[in-house]
Amino acid sequence: MKLYGNKKTALLFIAPALLFVLLFIYYPIVQNFFMSLYRWKAFGEDRIWVGLQYYRRIAQDPVFYTALTNNFLYALISIVFQVGFGLVIAAILEETFFRRFQGFFRTVFFMPSVISITVVGLLFQLIYHPSIGLLNNFLKAIGLENLTRAWLGESGSAMYAIIASSQWQYIGYIMLLFLVAIQKIPKELYESAEMDGAGAFQRFIHITVPQVKETIIMNSIITVIGGFKVFDEVYVMTAGGPGRSTEVLATFLYRSGFRNDEMGMASAIASIIFVITFVLTLVQLYINRKIAEE
Amino acid sequence: MSKARRWNLSRALVMLALIIYAILIIYPLLWMLLSGFKDNQGLFLDTWALPKTWIWQNYVDAWNQGIGRYFVNSVIVTVSSVILTLIVSSCAAFALARFEFRGQNILLILIIGGLMLSPQVSLVSLFKFLQKLGIYNTYLALIIPYVAYRIPFTTFLIRSYMLSLPREVEDSAYIDGCTSLQVFAKIIMPMSKPILATGALLAAMSCWNEFMFALVFIESDKYKTIPVGLMNLRGSLSTDWTILMAGLTLSVLPMIIIFLVFQKQLVRGITSGGVKG
């Protein structure tokens, strides 16, 4: 049709979006690689070529491996809780018996995902607080006083405490994605299984899980990518401490660049985050395509 | 049929587990809300009780000690970013959904491909780039990156919706002599209202809550948005926890209200994306 035949008009409509994306998403990413090859400061124009020196330094820095381990831990625990529990809760709420309560539980479980991570971080900092905190007060109230501790102040528990707050926030989010996937399963499958005498647990294992297999994979990858991007909650709750025990890649980047003013080093860490998340995203796209082909 | 709706022991146990989980979610939020009405003594001694006297002054203090200013900044940044995102994205979505031309697919991949790239990676170079543009430490230092990072998803969302719209009205408008710009403004945009609302809600949520860019691209207190402002407030209040709790409550209220009112639109957007945050 002639109405949509003019290429120039089309390009005019696309131009603003394209400009934004090219200038503020793609260009900085390309630029970042070059910036990691120089020594430079946050304010000022001087820069000195250092080549791959920062990458070598990162490879020898034990903090880098702490960060990598913490990101990995974050991703792993998030898969178990967000994808695992998210799926189980979604399946329960889609059961005939529980469906009439679904509206209420879905709203409540999802609610934390709309709150900013900063608020959740500050709130949990108070919940974990050694003297005024809810957690220690609760443990005292049920007679488990010997379990009380400064949750964020000890390197043994700090990382787990941060990860726990993130589970609190996001299980409901992943649950919602599963709810939609389960709703798409043909009802006949459940009906015929029920006639064969399959219980709720068997229906879950033999129908729900295989039917939402793709969603499980997708949600796992989203969660893993999220685990390698984490910044806000760590920065807010511990800023990488005590010591450097809760450092993750993004806080390592922030500290190098905006605390120690080694912007080249920060760029090099950013490049490493790019490679990790980009590879994971390619895996996600590949699986997406496989699913679409089926 | 009634068997499926009848209570039994295992159903009661599952129900109990759901209720406990719901309490685990609601209680911390309620604690935050109620502690905002207490004094420190009440917070220490009666952790679990309702406030003895409701100290509304905490909320007033939190507002006056910075939340008010940060709140206004967040509103300015969020509203500008959302409007700009919607305009730019719907134009691009329109061209990509309706026009047919060579190179269309490449442009589509370029724009939506932005979804794959995480903001952390460009934090440093964007910081430098914003300095060069002379907009570091202004509202624009947040608005422009927010818009850029919202465009890929919003365009994707609106384009899929536009593809599902019927073409008949446009055809007859064309016969009546309308140009493509008129068709866009008078037919497509009004028909896309529901998805524009969804896109706006999701964009508003992410801009309101964004922390990392706001931490790095803004230096002066007078331009700071709520998430970073709360960190300042924590520093300056040190042990006035109850005022901090009041501040936290004030800063989440808009999002909780929006969520409760527009739940349906939000859910539709989130489940069509497959991206987190």
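Let's start with one residue. A:L73 sits in helix α3 of chain A. Keep in mind that this is a predicted model. Is A:L73 buried, exposed or partly exposed? It counts as partly exposed, because it has 15 C-beta neighbours inside 10 Å. Leaving out residues up to four places away in sequence, A:L73 touches A:M159 and A:I163. Now look at A:L123. That residue is 50 residues from A:L73 along the chain, and the two C-alpha atoms are 22 Å apart.

Next, helix α12 of chain A, residues 249-259. This helix is mostly covered, with nine of its eleven residues buried. Among the buried ones are A:L249, A:F252, A:Y254 and A:R255. What covers them? On the chain A side, the cover includes α3, α10, α11 and α13. Chain B also takes part, through its α5.

Stay with A:L249 for a moment. Its contacts, not counting residues up to four places away in sequence, include A:A67, A:L68 and A:N71. A:F228, A:I269, A:I272 and A:I273 are touched by A:L249 too. The largest nonpolar core has 161 residues. In that core, A:L249 is one of the four that touch the most other members, along with A:F178, A:I269 and B:A92.

Now a helix pair. Two packed helices are described by the angle between their axes and the distance between the axes. Take α10, residues 213-229, and α13, residues 263-293, both of chain A. Their axes come within 10 Å and cross at roughly 170 degrees. An angle over 145 degrees counts as roughly antiparallel, so that is what α10(A) is to α13(A). Which residues make the contact? From α10(A) they include A:I217, A:I221 and A:F228. From α13(A) they include A:I276, A:L280 and A:I287. By class, this contact has twelve nonpolar, three polar and two charged residues.

Over to the backbone. Most residues other than glycine have a negative phi, and most peptide bonds are trans. Here are some exceptions. Look at the loop between α11 and α12 of chain A, where A:A239 lies. A:A239 is not a glycine, yet its phi is positive, about 55 degrees. With 15 C-beta neighbours inside 10 Å, A:A239 counts as partly exposed. A:P242 is found in the loop between α11 and α12 as well. The peptide bond from A:G241 to A:P242 is cis, with omega near -10 degrees. After α12(A) comes A:D261, with a positive phi near 55 degrees.

B:N137 is in the loop between α5 and α6 of chain B. Its phi is positive, about 65 degrees, and B:N137 is not a glycine.

Let's zoom out to chain B. How many helices and strands does chain B have? There are 13 helices and zero strands. Chain B is more spread out than a compact globule, because its radius of gyration is 24 Å, well over the 19 Å that the globule rule gives for 277 residues. Its C-alpha trace spans about 75 × 70 × 35 Å along the principal axes. Buried residues make up 44% of chain B.

Last, the two chains together. 76 residues of chain B are in contact with 66 residues of chain A. On the chain B side, helix α1, residues 9-35, gives the most, with nine residues. That side has 54 nonpolar, 14 polar and eight charged residues.

Conventions
Residues are numbered from 1 along each chain as its sequence is written. Chains are lettered from A and ligands numbered from 1 in the order in which they are written. This is a predicted model: local features need pLDDT of at least 70, side-chain atom pairs count only at pLDDT 80 or more; totals for chains, interfaces and linings use all residues. Helices (H or I, at least four residues) and strands (E, at least two) are DSSP runs, numbered from the N terminus. The radius of gyration is taken over C-alpha atoms; the globule rule is 2.2 Å times the number of residues to the power 0.38. A residue is buried if 20 or more other C-beta atoms lie within 10 Å of its own, exposed if 12 or fewer, and partly exposed in between; C-beta atoms are placed from the backbone. Axes are lines fitted to C-alpha atoms, for helices over the stretch in contact, and angles run from 0 to 180 degrees between N-to-C directions. Angles under 35 degrees count as roughly parallel, over 145 as roughly antiparallel, 65 to 115 as roughly perpendicular and the rest as oblique. Two residues are in contact if their C-beta atoms, placed from the backbone, lie within 7 Å. Ala, Val, Leu, Ile, Met, Phe, Trp, Tyr, Cys and Pro count as nonpolar, Asp, Glu, Lys and Arg as charged, and the others, Gly among them, as polar. A nonpolar core is a set of buried Ala, Val, Leu, Ile, Met, Phe, Trp, Tyr and Cys residues joined through C-beta atoms within 7 Å.
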